[in-house]
Amino acid sequence: MNCKQYSIEMGAILKAMNDFLEFGSFPEITMTSSISRKLEALSSYFDAIFFKGIVRRYGIMGVGDLNIFLKILYSSYASYFSSVKLLNYFKSTGRKISRVTLLNFLDYSRSVFLVSLL
């Protein structure tokens, strides 16, 4: 194998790895080259998991609180999770939510494989 071919193959492998880390491994996502279509599909998957997997299954009335919870969780995906810190955030914005509800949101999200704890 010559160096040029090795470089081309290595570049393809690195691009595939980067796409996997950025967009995941859903078949539709990996087979689509358009970034906007990938984002649309991921948004559709998220909505289905959010509404069917969590909201409907667990009968959640405070969808807005769950949405905010998940956005906060995703924005700090590699950080330490503190339910007390999160509770304080919700209180600071004037939202009334209990620590138990936040922990339930975490359990619900884990049950549908939307989040995973390390």
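Trainee: Is Asp65 buried or exposed?

Mentor: Asp65 is buried, because its relative accessible area is 15%. Buried means under 20% relative accessible area, exposed over 50%, and partly exposed in between (1.4 Å probe, protein chains only). This is a predicted model, where local features need pLDDT of at least 70, side-chain atom pairs count only at pLDDT 80 or more, and totals for chains, interfaces and linings use all residues. Residues are numbered from 1 along each chain as its sequence is written, and side-chain values use heavy atoms, with hydrogens and water left out.

Trainee: Which residue forms a salt bridge with Asp65?

Mentor: Arg95, with the closest N and O atoms 2.7 Å apart. The pair links distant parts of the chain, 30 residues apart: Asp65 is in helix H4 (residues 63-75), and Arg95 is in the loop between helix H5 (83-92) and helix H6 (99-111). Helices here are DSSP runs (H or I, at least four residues), numbered from the N terminus. Arg95 is partly exposed, with a relative accessible area of 30%.

Trainee: What counts as a salt bridge?

Mentor: A side-chain nitrogen of Lys or Arg within 4 Å of a carboxyl oxygen of Asp or Glu. Side chains of opposite charge can pair when their charged atoms come close.

Trainee: How many salt bridges by this rule?

Mentor: Three. Asp19 forms one with Lys15, where the closest N and O atoms are 2.9 Å apart. Both lie in helix H1, four residues apart, which is about one turn of the helix.

Trainee: And which side chain does Asp19 meet at 3.8 Å, N to O?

Mentor: That of Lys38, also in a salt bridge. Asp19 lies in helix H1 and Lys38 in helix H3 (residues 35-58), so the pair ties together parts that are 19 residues apart in sequence.

Trainee: Is Lys38 buried or exposed?

Mentor: Lys38 counts as buried, because its relative accessibility is 5%. Asp19 is buried at 18%, whereas Lys15 counts as exposed at 51%.

Trainee: New topic. Which residues make the nonpolar surface patch?

Mentor: Met10, Ile13 and Leu14, with an area of about 280 Å². Patches are made of residues with over 30% relative accessible area and no salt bridge; like charges are joined within 9 Å, and nonpolar side chains (Val, Leu, Ile, Met, Phe, Trp, Tyr) within 5 Å. Accessible areas come from the Shrake-Rupley method with a 1.4 Å probe, and for residues only the protein chains shown count as cover.

Trainee: Where is Met10?

Mentor: In helix H1 (residues 3-23). Met10 counts as partly exposed, because its relative accessibility is 31%.

Definitions and conventions. Helix = DSSP H or I, 4+ residues; strand = E, 2+ residues; numbered from the N terminus.
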